[in-house]
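Morning, everyone. I have one model to walk through, and I will keep it brief.

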Amino acid sequence: MPSMPADHRPRVLSGAQPTADSYHLGNYFGAFKQWVALQDDFEAFYFIPDLHAITVDYDPGLLRERTYIAAAQLLAAGVDPERSALFAQSHVPEHAQLAWVLSGITGFGEAGRMTQFKDKSAKGGSDSASVGLFTYPILMAADILIYQADRVPVGEDQRQHVELTRNLAQRFNHRFGETFTVPEAHIVKATAKIYDLQDPTSKMSGSAASHAGVVDLTDTRKQAAKKIRSAMTDSGSEVHFDVVDKPGISNLLSIYSALTDRPIAEIEKEFAGQQYGHFKVALGDLVADFVGAFGDRTRELLDDRAELDRVLARGADKAREVASVTLDLVYDRSGFVRPAAR
């Protein structure tokens with residue numbers, strides 16, 4: 001493995017796809033808030049996986065616009081380009097180059113067992129699924145290994161991808177000599193799990209059939225408050241956390257707690273004896289203020305595309321400083337003849 005300076009901080013790597021017109025409240029509390037906190041203790045690499053986005057049908061114009069929106073929203077969330085590398089995946093060609101090398105040591109059956117491929121290909125039929133979708137996990141492994149990342153912040157549903165990454169790193173190291181850091185999944189136990197407002201048994205998702213249960217980070221204050229007031233609740237009227245019998249109100253309590261950094265028990269006590277309606281109005285105001293301010297900052301950033309381009313370019317330069325060293329080592333260990341100096 002490349003030698004690290006004595007003062008090297010452990011590295012963390014994560015990304016969020018630009019496949020919707022906005023990230024949502026679940027993305028913020030489930031991932032971005034933790035990304036921002038990790039900047040204090042880790043050398044952070046955060047990227048917009050535009051190469052992954054083309055493994056399914058897509059519109060080029062929308063992809064370009066959504067990439068800018070993603071960059072603006074990550075900055076609005078608190079990703080600091082002075083402390084982290086924020087970049088578009090396609091700006092760092094080493095990702096795709098390493099993915100091709102890793103594809104040579106990945107078994108066909110191994111790739112076919114990945115849950116994400118099985119789920120996505122089942123929707124449209126395996127015959128219509130792209131080869132890119134099939135090899136998606138290998139590119140994801142390359143995303144991680146190219147930076148010699150120590151930790152990968154992921155949800156439980158992504159743990160399988162980290163396990164494949166670990167297997168490929170160990171396999172390459174065994175066959176060709178110590179090359180890659182074997183990463184660990186960084187599962188943040190305190191992460192707030194935010195569910196759909198209309199179906200509180202399903203995670204909040206940008207791909208939900210109805211957007212009524214999804215609070216986008218670009219919603220207006222009025223839209224956000226209305227979605228909270230219209231959220232599905234449960235029988236009874238007590239504001240009490242019980243995910244089994246009261247999933248609707250429990251979801252709203254989780255959102256309230258995440259927004260205020262207050263324990264759920266304290267919030268239950270504050271609203272003891274009050275009806276659901278009173279609680280939803282109070283929460284609606286909180287969400288409206290948060291989303292409104294977030295949207296204002298996002299639009300301000302989007303108004304200066306040249307500055308967003310500069311931020312992404314600086315991030316790509318930082319990323320390539322690390323990625324190019326790893327790729328050179330991989331190519332040497334793989335037996336490729338290196339180009340002679342000119």
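I will cover salt bridges, then a pocket, then a surface patch.

Ground rules. This is a predicted model, where local features need pLDDT of at least 70, side-chain atom pairs count only at pLDDT 80 or more, and totals for chains, interfaces and linings use all residues. Residues are numbered from 1 along each chain as its sequence is written, and side-chain values use heavy atoms, with hydrogens and water left out.

Salt bridges. The term means a side-chain nitrogen of Lys or Arg within 4 Å of a carboxyl oxygen of Asp or Glu. How many does a search of the whole structure find? It finds 18.

Take Lys33 and Asp261. Their side chains meet in a salt bridge at 3.0 Å, N to O. Lys33 sits in helix H1 (residues 25–38), and Asp261 in the loop between H11 and helix H12 (264–270), so this pair links distant parts of the chain, 228 residues apart. Helices here are DSSP runs of H or I with at least four residues, strands are runs of E with at least two, and both are numbered from the N terminus. Lys33 is partly exposed, at 27% relative accessible area. Asp261 is exposed, at 62%. The cut-offs: buried is under 20%, exposed is over 50%, partly exposed is in between, with a 1.4 Å probe and protein chains only.

Next, Arg83 and Asp40. Their closest N and O atoms are 2.8 Å apart. Arg83 lies in the loop between helix H3 (60–77) and E3, Asp40 in the loop between H1 and strand E2 (43–48), so the pair ties together parts 43 residues apart in sequence. Asp40, Asp80 and Arg83 are linked in a network of salt bridges.

Buried or exposed: what about Asp219 and Lys227? Both are buried. They form a salt bridge at 2.9 Å.

Now the second largest pocket. A pocket is an open set of points on a 1 Å grid over the protein atoms alone, where a 1.4 Å probe fits, with protein on both sides within 12 Å along at least five of seven lines; lining residues have an atom within 4 Å of a point. H4 gives the most to this lining, with four residues. Trp100 and Leu139 are among the lining residues.

Last, the surface. Phe241, Val243 and Val244 form a nonpolar patch. Patch residues have over 30% relative accessible area and no salt bridge, with nonpolar side chains joined within 5 Å and like charges within 9 Å. Val243 is exposed, at 53%.

Notes
Accessible areas come from the Shrake-Rupley method with a 1.4 Å probe; for residues, only the protein chains shown count as cover.
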